[in-house]
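The structure is shown first.

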Amino acid sequence: MIVVAGEALIDLVPQGAGALAALTPALGGGPFNTAVALGRLGSPAAFCSRVSRDAFGEALLARLRETGVDVSSVQRGDEPTTLAVATVGTDGSAAYSFYVEGTADRLFTAPDALPDGTRAVSFGTCSLVLEPGASAYEELMRTACAQGVFTALDPNVRPGLIPDPDAYRARFKSWLPSVSLLKLSAEDAEWLGGSPREWLASGPAAVVVTRGGDGLTVFTREGGEYAVPGERVEVVDTIGAGDTVNAALLHGLAARDALSDEGVAALGAEGWEGLLGLAARAAAITCSRAGAEPPYAHELEAEPA
């Protein structure tokens with residue numbers, strides 16, 4: 001079981017140009033997208049969050065159930081669902097503004113235990129910024145690490161939600177001793193400061209940096225550095241691409257029985273190039289269609305048995 005901990009929200013996606021373009025609601029949130037992608041790839045997955053009882057919340061849970069994701073760890077609340085208004089650039093890139101005051105997901109509390117059979121827990125995005133939920137997710141991260149569970153972090157930085165950037169950067173560094181796999185975009189890496197080698201020295205077994213259409217690079221604790229190019233595709237938008245990378249990496253690590261620091265260390269060049277290639281293919285498929293629509297297992301022809 002791979003557990004994804006974090007927010008589920010509604011993306012409001014413009015259907016034309018201009019500030020008053022019609023907005024279409026779409027299911028989203030980085031952790032939610034990661035959980036859906038894991039389910040579509042065939043990995044046993046569970047979602048750990050707090051979701052509203054409103055109509056948006058019911059739709060979010062319905063999508064998770066449709067993709068086979070276990071929702072027994074989802075807390076419920078009468079507060080509204082978080083909204084993210086997307087702006088899609090001419091190159092397909094997406095930027096967001098958020099409506100988060102008093103919403104359900106930020107009132108998450110740390111569970112007493114993870115689901116039986118949990119092998120990994122993934123964290124990231126808004127859930128690690130918005131209090132009081134952020135502290136609860138941080139507690140869960142540290143607890144999981146202390147119990148020997150593989151932990152993955154994608155900070156997926158949203159600067160508009162971070163009132164004190166320096167405080168957030170310090171907090172990010174404090175998470176690293178509890179992180180097994182750090183994945184982040186080149187833009188996030190630049191915003192956070194530091195370097196993959198510095199972050200590796202603080203705890204992670206590997207750091208994966210994504211560079212959009214230019215591909216992915218992994219840096220390992222043992223000094224390895226392996227890269228693959230991006231897969232060329234006609235980009236519709238990039239919504240959910242990074243979340244698909246998260247899911248593909250975790251799915252591929254599980255398929256290789258490498259959800260451990262020792263397993264990561266044993267991958268080597270061939271193992272990492274295959275894993276990064278899987279993630280690049282999965283992300284390209286997501287970018288080729290509108291919204292966060294990650295691929296199913298049958299769409300990844302080079303998937304290892």
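## Pairing of strand 13 with strand 14

Val-218 stands opposite Tyr-226 in strand 14. The model is a predicted one. Strand 14 spans residues 225-228 and runs antiparallel to strand 13, to which 4 bridges join it.

The hairpin of strand 13 and strand 14 has 4 residues between the strands, and Gly-223 there takes a positive phi near 100 degrees.

## Pairing of strand 13 with strand 12

Strand 12 (residues 206-210) is joined to strand 13 by 5 bridges, and the two run antiparallel. Val-209 has Thr-217 of strand 13 as its bridge partner.

In the hairpin of strand 12 and strand 13 there are 5 residues between the strands. Gly-212 in this hairpin has a positive phi near 60 degrees.

## Burial of strand 13

Of the 5 residues of strand 13 (residues 216-220), 5 are buried, so the strand is largely enclosed by the rest of the structure. Leu-216, Val-218 and Thr-220 point one way from the strand, while Thr-217 and Phe-219 point the other way; all are buried.

## Packing of helix 1 and helix 2

Helix 1 (residues 30-41) packs with helix 2 (residues 55-66) at an angle of about 25 degrees, and their axes are 9 Å apart. Because angles under 35 degrees count as roughly parallel, helix 1 is roughly parallel to helix 2.

Helix 1 contributes Phe-32, Ala-35, Val-36 and Arg-40 to the contact, and helix 2 contributes Leu-60, Arg-63 and Leu-64. By class, the residues of this contact are 5 nonpolar, no polar and 2 charged.

Technical notes
Residues are numbered from 1 along each chain as its sequence is written. This is a predicted model: local features need pLDDT of at least 70, side-chain atom pairs count only at pLDDT 80 or more; totals for chains, interfaces and linings use all residues. Side-chain values use heavy atoms; hydrogens and water are left out. Axes are lines fitted to C-alpha atoms, for helices over the stretch in contact, and angles run from 0 to 180 degrees between N-to-C directions. Angles under 35 degrees count as roughly parallel, over 145 as roughly antiparallel, 65 to 115 as roughly perpendicular and the rest as oblique. Contact means heavy atoms within 4.5 Å. Ala, Val, Leu, Ile, Met, Phe, Trp, Tyr, Cys and Pro count as nonpolar, Asp, Glu, Lys and Arg as charged, and the others, Gly among them, as polar. Buried means under 20% relative accessible area, exposed over 50%, partly exposed in between (1.4 Å probe, protein chains only). Two strands pair if DSSP finds at least two bridges between them.
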